[in-house]
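Let's go through this protein together, one question at a time. Have a look at the structure first, then try each question before you read on.

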Amino acid sequence: MTAVADTRPFDVSVDRETLARLTGREREVLRHLAKGESNRVLARNLGIAERTVRAHVTSVVRKLDVGSRFEASLVAFHHYAALAEEPTSS
């Protein structure tokens with residue numbers, strides 16, 4: 001079994017360029033993930049189907065280059081204010 005000291009902490013640093021690649025809806029979904037909402041609750045709050053939520057979450061995980069929904073939610077938690085801002089085009 002791996003001891004806690006042997007595990008590598010998750011690095012939640014994501015640059016603004018990476019966050020800017022997310023669409024407005026993906027940013028919105030990610031903010032809801034930071035709140036710990038399930039797909040069902042998230043779908044209800046956004047007025048979309050659960051299947052659509054799953055597609056957005058998959059896209060977010062891929063674009064952020066993280067390993068899971070949980071890691072994406074950690075990124076969202078630590079960058080919540082930046083996700084609320086409109087992305088700036090370069």
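Q: Is Asp65 buried, partly exposed or exposed?
A: This is a predicted model, where local features need pLDDT of at least 70, side-chain atom pairs count only at pLDDT 80 or more, and totals for chains, interfaces and linings use all residues. Residues are numbered from 1 along each chain as its sequence is written, and side-chain values use heavy atoms, with hydrogens and water left out. Buried means under 20% relative accessible area, exposed over 50%, and partly exposed in between (1.4 Å probe, protein chains only). Asp65 comes out at 70% relative accessibility, so this residue counts as exposed.

Q: Where is Asp65 found, and what is its phi?
A: Helices here are DSSP runs (H or I, at least four residues), numbered from the N terminus. Asp65 sits in the loop between helix H4 (50–64) and helix H5 (69–78). Most residues other than glycine have a negative phi. Asp65 isn't a glycine, yet its phi is positive, at about 55°.

Q: Which residue forms a salt bridge with Glu28?
A: For a salt bridge, you need a side-chain nitrogen of Lys or Arg within 4 Å of a carboxyl oxygen of Asp or Glu; by this rule the count comes to 3 salt bridges. The closest N and O atoms are 3.0 Å apart, and the partner is Arg25.

Q: How many residues apart are Lys63 and Glu26?
A: Their side chains meet in a salt bridge, 2.8 Å from N to O. The pair links distant parts of the chain, with Lys63 in helix H4 and Glu26 in helix H2, and the separation is 37 residues.

Q: Are H3 and H4 roughly parallel or roughly perpendicular to each other?
A: Two packed helices are described by the angle between their axes and the distance between the axes. Axes are lines fitted to C-alpha atoms, for helices over the stretch in contact, and angles run from 0 to 180 degrees between N-to-C directions. H3 and H4 pack at about 105°, with their axes 8 Å apart. Angles under 35 degrees count as roughly parallel, over 145 as roughly antiparallel, 65 to 115 as roughly perpendicular and the rest as oblique, so H3 and H4 are roughly perpendicular.

Q: Which residues is Tyr80 in contact with, leaving aside neighbours within four places in sequence?
A: Tyr80 is found in helix H6. Contact means heavy atoms within 4.5 Å. With those neighbours left aside, Tyr80 is in contact with Arg31, Ala34 and Lys35.

Technical notes: Helix = DSSP H or I, 4+ residues; strand = E, 2+ residues; numbered from the N terminus.
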